[in-house]
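Here are my notes on this one, in the order I'd go through them with the viewer open.

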Amino acid sequence: MFSVHGQASDILIVGGSLAGLMAGLALSRHGLSVTLLERSNDTDRTGAALQVGHGLLEQLTGRRHAAATLATGIQAWQSVYRGLRIAAEEAGIQILQNARVELVGQDDGHVWALTSDNRRFEGSVMVGADGYQSVVRRQMCPERPDAVFAHYLAWVGFAEESALSVRFPPHLEFLEAGPYLLLGFPLTAADGGVERGRRRIGWGWYDAGHNDILRETGAVEGTLVRHSLRPANMPDALFEELALLALCHWPSPWREAILECIARKAVLGTPVVEYVPDRLASGRMCLVGDAAHVCTPMTGNGFATAAEDAMALARFLDGAALRTDPVAALRSYEVSRLPDVRRLGLSGQRISQDFVQAARRP
Ligand SMILES: Cc1cc2nc3c(=O)[nH]c(=O)nc-3n(C[C@H](O)[C@H](O)[C@H](O)COP(=O)(O)OP(=O)(O)OC[C@H]3O[C@@H](n4cnc5c(N)ncnc54)[C@H](O)[C@@H]3O)c2cc1C
């Protein structure tokens, strides 16, 4: 038996990470009521060097912000999340954590979401911002519900610059060595500081040679990605092998950052997934961010694309459209966004295929 939770919102967003927060902020500028359902209660993710454009928050909400700020340039996931979250609270968005949506649906007049703890939420329009394993996409696109494994992974780690005695460049670097690619980037400190010695150093090492461990640990099953490979599931021999490979292939200072993370066993193996969409809207439901389209992180534009989704959605879906014809508004959103996100997705697929083929060459 499900209990109906609270009043129906204008907008029900499934997924409270960056794409969900940005969609909520963009739609709340029209005075729409927004409820955001997020399954987790952790607000700590790793694995991204997000390029934040100048004035992004103001572009999303159409106004200045008292407490919330978003630092520009390359930022860590946490600092972007923090800025968006504060802005969302300022905008009156209702954020519910520990709300894992298991089933979604729609009828003529409304949308609904059922959570694993038997709560039912209702709204006028649903935005699926629930990432690459989207439940909303599964409902909207039953003929092709899943993002698929791109046959390589990214080893990802973060080190404190203060723990390293080498000097890092001020900007992001892309390096190639043998069958591998490495993206290294300095990130601002937790308090926004950019001085040398106080920054965090991030790196992502693309590798098509360790797919077996992903399958052995159940991180990848067939073409589906289930989860990332956590350090607890990585045998010591794998850390030793990665350390040797890093010594052989990566130059200083990135080598030191990688070895420091390996020594702490603070490395995550993230299988790369892809999804090129045929659809972004269906009736009163639509998709944004990684739920809508997933591209290799090598392109470095997942975050910017999610921001563009949010702004495009808010261009078509305002208070009047919600009252008169929300289905037409979501169709217009799809027509305006689909060509661009398909182009990006297809070019990401070519990048992945070239990388995997080159890595397999003897
Ligand atoms: C290793 C890696 C490196 C990356 N590097 C970059 C980069 O350098 N630059 C860049 O721009 N982008 C990068 N990206 C991509 C970027 O992080 C995302 O595209 C962007 O943050 C948008 O994510 P999202 O909010 O759509 O999805 P997610 O971050 O996956 O968020 C989905 C949210 O939905 C929640 N959720 C899922 N299912 C449910 C459910 N059933 N019920 C309720 N909640 C649910 C999840 O808990 C999560 O909070 C990288 C990604 C990875 C994996």
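1. Start with Arg-39. Setting aside neighbours within four places in sequence, Arg-39 is in contact with Asn-98, Ala-99 and Arg-100. As for where it sits, Arg-39 belongs to the loop between strand S3 (34-37) and strand S4 (49-52). Keep in mind that we're looking at a predicted model here.

2. Asp-340 is 301 residues away from Arg-39 along the chain, and the C-alpha atoms of the two are separated by 29 Å.

3. Next, Val-135, which is found in helix H4 (residues 135-140). If you skip residues up to four places away in sequence, Val-135 touches Val-101, Glu-102, Leu-103, Val-104 and Asp-130.

4. On to the helix pair. How do H6 and H7 run relative to each other? The axes of helix H6 (residues 236-249) and helix H7 (residues 254-263) cross at roughly 170 degrees and come within 10 Å. Angles over 145 degrees count as roughly antiparallel, and H6 and H7 are therefore roughly antiparallel to each other.

5. Which residues make that contact? From H6 you get Phe-239, Leu-242, Ala-243, Ala-246 and Leu-247, while H7 brings in Arg-255, Ile-258, Leu-259 and Ile-262. Sorted by class, the contact of H6 with H7 comes out at 8 nonpolar residues, no polar ones and 1 charged.

6. How many residues are in contact between the domains? There are 20 residues of domain 1 in contact with 28 residues of domain 2. The area buried between domain 1 and domain 2 is about 1800 Å², with carbon and sulfur atoms giving 63% of it. On the domain 1 side, Ile-74, Met-298 and Phe-355 supply 31% of the area that domain 1 buries against domain 2, more than any other three residues.

7. Last one, on charges: what does the salt-bridge rule find across the interface of domain 1 and domain 2? The count there is 0 salt bridges.

Technical notes: Residues are numbered from 1 along each chain as its sequence is written. This is a predicted model: local features need pLDDT of at least 70, side-chain atom pairs count only at pLDDT 80 or more; totals for chains, interfaces and linings use all residues. Side-chain values use heavy atoms; hydrogens and water are left out. Axes are lines fitted to C-alpha atoms, for helices over the stretch in contact, and angles run from 0 to 180 degrees between N-to-C directions. Helices (H or I, at least four residues) and strands (E, at least two) are DSSP runs, numbered from the N terminus. Angles under 35 degrees count as roughly parallel, over 145 as roughly antiparallel, 65 to 115 as roughly perpendicular and the rest as oblique. Contact means heavy atoms within 4.5 Å. Ala, Val, Leu, Ile, Met, Phe, Trp, Tyr, Cys and Pro count as nonpolar, Asp, Glu, Lys and Arg as charged, and the others, Gly among them, as polar. Buried area is the accessible area (1.4 Å probe) that two parts lose on being put together, summed over both. A salt bridge is a side-chain nitrogen of Lys or Arg within 4 Å of a carboxyl oxygen of Asp or Glu.
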